[in-house]
Amino acid sequence: MKFSVVVNEGPYTHQASDSAYYFTRAVLSQGHEVMRVFFYHDGVNNGTRLTTPPQDDRNITNRWSDLGKEHNLDLVVCVAAAQRRGIVDEDEQKRNSKDTNNIADGFRISGLGQLIEAGIQSDRLVAFGD
Amino acid sequence: MLHTVNKSPFEKNSLQTCLRLSQPGSSILLIEDGIYGALKGSDAAANITEHMQERRFYVLGPDLKARGIDKSRLIDGIEIVDYDGFVKLAVEEPKVQSWM
C-alpha cells in the first residue's frame with residue numbers, strides 16, 4: 001500500500017516529528033511504500049542541516065535524512081513556509097540573494113502541489129502536528 | 001475510518017470534536033497527549049465510555065509508557081497498540097483523519 005505523511009510541527013517542539021518518524025519507519029518495515037513525506041508550516045524546521053542538538057539527544061533532522069537515504073524517500077519542504085522561516089536550498093539562495101543555504105541532506109524544497117499530489121496518488125495520507 | 005487524536009481532552013476539545021463528527025463504526029486511536037483521554041475515572045472519561053458501543057478505541061502503547069501510565073489505569077475495553085498496530089489500523093480503515 002502507498003502511504004504519504006505530513007509533518008506540521010517543528011522538531012523538539014512537542015512530539016509530532018517523532019511520531020511521524022516512528023510511524024514512517026513502521027510503514028516501511030511492514031513492506032509498504034512511502035511516496036512522500038511533506039513538511040508544512042513549522043514542520044519545515046525539520047529540514048535544516050544546521051541543527052545541533054546535545055550529544056545525548058536524538059538528531060531529528062539527521063534521523064529523517066538517514067531514513068530518506070536508506071529508503072530513497074521524497075522529503076519535501078513547502079517553499080512558502082520555508083521562505084518565511086529561513087529554510088533555504090541553493091536555488092532559493094540564488095533567487096533571493098542570500099549568503100548561504102541550510103537545507104539538510106535528502107530534503108528538497110517544492111510547492112504545495114506536492115502535498116495535493118501525494119493526497120491523490122497515495123492510498124493513505126497521515127498527518128502529524130499541532 | 002481511522003481517527004487519531006493527539007491532544008489531551010483537558011487541553012483542547014479535539015477528542016470531543018472527533019466523537020461528535022466521526023461515524024458509528026469508526027476506530028479512534030489516541031496518541032501523544034491524547035492518551036490522557038483514556039484514563040479511567042477522570043472528568044473526561046465519559047467522552048469515551050458513552051461512545052464505546054459504536055466505536056472502537058485504541059491507545060498508542062509507547063506514548064502511554066512515555067507518560068508512565070500503566071494499562072490498569074485505562075478505561076476497560078480500550079486496546080493498546082504499538083506503531084506496527086497503528087500502521088495496521090491505517091491499512092484496515094479506508095481513510096485516516098488526524099484531529100489535532
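Student: Which residue is the bridge partner of V59(B) in strand 4 of chain B?

Tutor: In this predicted model, V59(B) has I80(B) of strand 4 of chain B as its bridge partner.

Student: What makes strand 3 and strand 4 of chain B a pair?

Tutor: Two strands count as paired when DSSP finds at least two bridges between them; strand 3 (residues 56-60) and strand 4 of chain B are joined over 3 bridges, in the parallel sense, and therefore they qualify as a pair.

Student: In what order do the strands of the sheet in chain B stand, and which of them are at the edges?

Tutor: The open sheet of chain B has 5 strands in the order 4-3-2-1-5, with parallel pairing. Strand 4 (79-81) and strand 5 each have a single partner strand, so one side of each has no neighbour in the sheet, and they are the edges. From one strand to the next, the twist averages 25 degrees.

Student: Why are some residues of helix 1 of chain B said to line one face of the helix?

Tutor: A residue is called buried if 20 or more other C-beta atoms lie within 10 Å of its own, and in helix 1 (residues 14-21) of chain B this holds for S14(B), L15(B), C18(B) and L19(B). Viewed down the helix axis, the buried residues fall within an arc of 130 degrees, so they line one face.

Student: What covers the buried residues of helix 1 of chain B?

Tutor: The cover includes strand 1 (2-5), strand 2 (27-30), helix 2 (45-49) and strand 5 of chain B. Helix 1 of chain B lies across strand 1, strand 2 and strand 5, and runs at about 165 degrees to strand 1.

Student: Which part of chain B gives the most to the side that touches chain A?

Tutor: Contact joins 11 residues of chain B to 14 residues of chain A. Helix 4 of chain B gives the most to its side, with 6 residues, and by class that side has 8 nonpolar, 1 polar and 2 charged residues.

Student: Why is chain A called as compact as a globular protein of its length?

Tutor: Chain A comes to 5 helices and 5 strands. Its radius of gyration is 14 Å, close to the 14 Å that the globule rule gives for 130 residues, so the description applies to chain A.

How values were computed: Residues numbered from 1 in each chain as written. Chains lettered and ligands numbered in written order. Predicted model: local features only at pLDDT ≥ 70, side-chain atom pairs only at ≥ 80, totals over all residues. Contact = placed C-beta atoms within 7 Å. Helix = DSSP H or I, 4+ residues; strand = E, 2+ residues; numbered from the N terminus. Nonpolar A, V, L, I, M, F, W, Y, C, P; charged D, E, K, R; others polar. Buried ≥ 20, exposed ≤ 12 C-beta atoms within 10 Å, placed from the backbone. Arc of directions from axis to C-beta. Axes fitted to C-alpha atoms, helices over the stretch in contact; angles between N-to-C directions. Rg over C-alpha atoms; globule rule 2.2 N^0.38 Å.
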